[in-house]
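Me: Could you take a close look at a single helix in this model for me? I would like to know how it sits among its neighbours.

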Amino acid sequence: MKLKIESLSKTYSGKVQALKNVSLSLSNGMFGLLGPNGAGKSTLMRTIATLQEADHGEIYLDEINVLKNKKEVRQLLGYLPQEFGVYPKISAERMLDHIAQLKGVQQQGERKDIVQGLLQKVNLYKERKKNLGTYSGGMKQRFGIAQALVGNPKLIIVDEPTAGLDPAERNRFYNLLSQLGENTIVILSTHIVEDVSTLCSNFAIISSGEVLYAGDPENAVNSLDGKIFSKAINQSEIVFYQQEYKVISTQLKSGKLHIRVIHESDPGNDFTASTPSLEDVYFTHVSNTSDFINM
Ligand code: ADP
């Protein structure tokens with residue numbers, strides 16, 4: 001399948017422009033939508049998921065005009081929203097059975113097979129009879145994926161799914177997501193660069209409603225080969241370095257400020273050549289240094 005987003009724009013209550021002329025092309029596999037909070041990721045996801053209108057632009061899922069054929073799209077869609085509430089006093093098994101019923105699976109036996117299969121897939125089979133209110137954050141997210149998978153969707157949208165998960169839960173969740181991508185389009189929104197480098201074959205960086213970069217993570221990193229240099233400086237020196245170099249990120253470690261700069265060749269001045277990472281790509285487009293600019 002192909003998903004084509006063309007010149008999508010959205011302004012909230014005549015003020016906040018959440019999407020500015022967004023165009024993207026996606027095919028089967030995991031697509032990461034990476035950007036800081038407030039970038040417009042959820043707005044884009046909700047629009048693709050037919051839950052809100054855009055002001056301008058079009059979206060096509062193969063031949064289907066998404067914004068005009070909501071019903072058709074919803075039959076192909078699995079969605080895990082950012083704020084995913086669960087009914088606390090119902091078990092995972094009963095809830096999934098109910099969702100399958102809502103999605104039109106009439107026969108009890110068929111529903112049972114689907115529900116058992118999904119519970120096994122997301123590794124909640126043993127806990128299937130427990131009420132959802134007793135689940136940990138990671139278990140709830142895995143349940144969220146199970147409910148999104150009812151009906152074999154061809155387009156799966158997961159909005160900030162790893163926020164709030166501890167490292168072990170995040171890993172378990174990565175393993176689950178990485179199995180989904182082969183025959184479906186999976187769009188994953190996140191502000192965590194590691195989510196994209198671990199999972200995604202393609203990604204876009206979005207900030208203030210604009211697509212700043214789109215491509216595959218490996219090429220993006222390779223394009224910075226030989227251009228990233230780092231140095232530990234005193235915090236008071238940052239203004240000088242900001243003026244003299246293109247500082248893409250700063251990190252405080254043991255009282256020293258570790259800066260990374262992008263430079264066409266070795267800048268000298270005790271900088272060390274560094275292997276580029278996807279985080280460098282991200283910070284080349286979305287600066288994290290503004291906190292230090294006025295020091
Ligand atoms: P992200 O998912 O990347 O954090 P959002 O799409 O939630 O970004 O938000 C993009 C911008 O639109 C933000 O400035 C946010 O405050 C604003 N916004 C989001 N939803 C609404 C809404 N319903 N009404 C008004 N402004 C909104």
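Reply:

H5 is mostly covered, with 11 of its 13 residues buried. Please keep in mind that this is a predicted model. The buried residues are Gly138, Met139, Gln141, Arg142, Phe143, Gly144, Ile145, Ala146, Gln147, Ala148 and Leu149.

Now for the helix itself. H5 spans 19 Å from its first C-alpha to its last, close to the 18 Å expected for its 13 residues at 1.5 Å a residue. Just after H5, glycine 151 adopts a positive phi of about 90 degrees.

The axes of H3 (residues 92-102) and H5 (residues 137-149) come within 9 Å and cross at roughly 25 degrees. Because angles under 35 degrees count as roughly parallel, H3 is roughly parallel to H5. The crossing of the two helices is right-handed.

As for the side that H3 brings to this contact, Ala92, Met95, Leu96 and Ile99 meet Phe143, Ala146 and Gln147 of H5. By class, the residues of this contact divide into six nonpolar, one polar and no charged.

Methods:
Residues are numbered from 1 along each chain as its sequence is written. This is a predicted model: local features need pLDDT of at least 70, side-chain atom pairs count only at pLDDT 80 or more; totals for chains, interfaces and linings use all residues. Side-chain values use heavy atoms; hydrogens and water are left out. Axes are lines fitted to C-alpha atoms, for helices over the stretch in contact, and angles run from 0 to 180 degrees between N-to-C directions. Helices (H or I, at least four residues) and strands (E, at least two) are DSSP runs, numbered from the N terminus. Angles under 35 degrees count as roughly parallel, over 145 as roughly antiparallel, 65 to 115 as roughly perpendicular and the rest as oblique. A crossing is left-handed if the near helix is turned anticlockwise from the far one by less than a right angle, and right-handed if clockwise. Contact means heavy atoms within 4.5 Å. Ala, Val, Leu, Ile, Met, Phe, Trp, Tyr, Cys and Pro count as nonpolar, Asp, Glu, Lys and Arg as charged, and the others, Gly among them, as polar. The expected span of a helix is 1.5 Å times one less than its number of residues. Buried means under 20% relative accessible area, exposed over 50%, partly exposed in between (1.4 Å probe, protein chains only).
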